[in-house]
Amino acid sequence: MCDLGLVSGSSGNISVRLPSHDTRGLLAVTPSGKRYSELDESGVVVTDFNVEPVEGDLAPSSESLMHAAVYRSRPDVGAVIHTHSAFTSVAAVSGLDVPPIIDEMAVTLGGSIRVSKYAYPGTQALADSVCAALEGRKAAIIKNHGAVGVGRNLAEALDVCMLVERVSKIFIYAKLLGNVDELPKEVVDAESEVFRTRLDSEA
Ligand SMILES: [Zn+2]
């Protein structure tokens with residue numbers, strides 16, 4: 001993620017859903033404020049969906065409430081990655097949803113990438129606004145902040161985050177050229193149908 005420019009230092013965070021224990025949902029998440037270059041598996045923290053610590057010595061990521069909220073609301077999701085990549089952050093500041101402009105977007109992400117309503121970092125309000133923007137999608141832009149990408153596993157969530165950054169860049173450059181042609185509506189409808197069928201089978 002650092003090499004790809006999706007995060008730097010200790011920014012952003014990553015989690016995976018763990019098998020639930022005694023009906024308690026669990027996640028493994030990166031710790032708060034630890035540089036990725038200094039992080040190994042001993043730094044990973046396990047919490048339940050109320051972010052109560054279960055295992056690990058460090059404090060869980062400050063955005064753990066958001067990760068837990070995504071797992072609660074989306075049974076199809078097995079991994080969540082939160083990034084601070086540059087072009088996606090430009091979209092986050094502009095407040096403009098990235099419309100379906102590249103064929104992969106509908107099939108891979110579910111259509112447009114929505115910008116969430118602004119909320120203070122680390123709060124339940126941010127978790128709620130991100131879940132709303134993420135409904136029926138694999139990615140959302142977090143207003144004035146960054147992005148979140150989800151997948152069945154970490155590899156898919158990482159692919160999603162890379163695609164989000166790429167299409168955000170394409171959208172911004174096309175905007176600067178003065179014209180953004182979206183995909184034809186019938187194409188988006190057909191491709192979104194493929195996406196929804198797959199999503200239902202993953203849930
Ligand atoms: Zn962040």
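I took helices (H or I, at least four residues) and strands (E, at least two) as DSSP runs, numbered from the N terminus. On that basis I count 6 helices and 7 strands in the protein chain. I read their order from the N terminus as β-β-β-β-α-β-α-α-α-β-β-α-α.

I note that this is a predicted model: local features need pLDDT of at least 70, side-chain atom pairs count only at pLDDT 80 or more, and totals for chains, interfaces and linings use all residues. Residues are numbered from 1 along each chain as its sequence is written, and side-chain values use heavy atoms, with hydrogens and water left out.

**Overall form.** I looked up the radius of gyration, taken over C-alpha atoms; the globule rule is 2.2 Å times the number of residues to the power 0.38. The protein chain has 17 Å, which agrees with the value near 17 Å for a compact globule of 203 residues. I find that 48% of the 203 residues count as buried (under 20% relative accessible area, 1.4 Å probe, protein chains only).

**Arginine 137.** I located arginine 137 in the loop between helix H4 (124-134) and strand S6 (139-142). Arginine 137 is buried yet has no salt bridge (a side-chain nitrogen of Lys or Arg within 4 Å of a carboxyl oxygen of Asp or Glu). The nearest side chain of opposite charge, aspartate 97, is 7.3 Å away. I then checked serine 112: its backbone oxygen lies 2.7 Å from a polar atom of the arginine 137 side chain. Leaving out residues up to four places away in sequence, I list among the residues that arginine 137 touches Arg74, Leu109, Ser112, Val150 and Phe195 (contact means heavy atoms within 4.5 Å).

Methods:
Buried means under 20% relative accessible area, exposed over 50%, partly exposed in between (1.4 Å probe, protein chains only). Lys and Arg count as positive and Asp and Glu as negative; His and the chain ends are not counted. A polar contact is a pair of N or O atoms within 3.5 Å; within protein, one must be able to donate a hydrogen and the other to accept it, and residues adjacent in sequence count only if both atoms are side-chain atoms.
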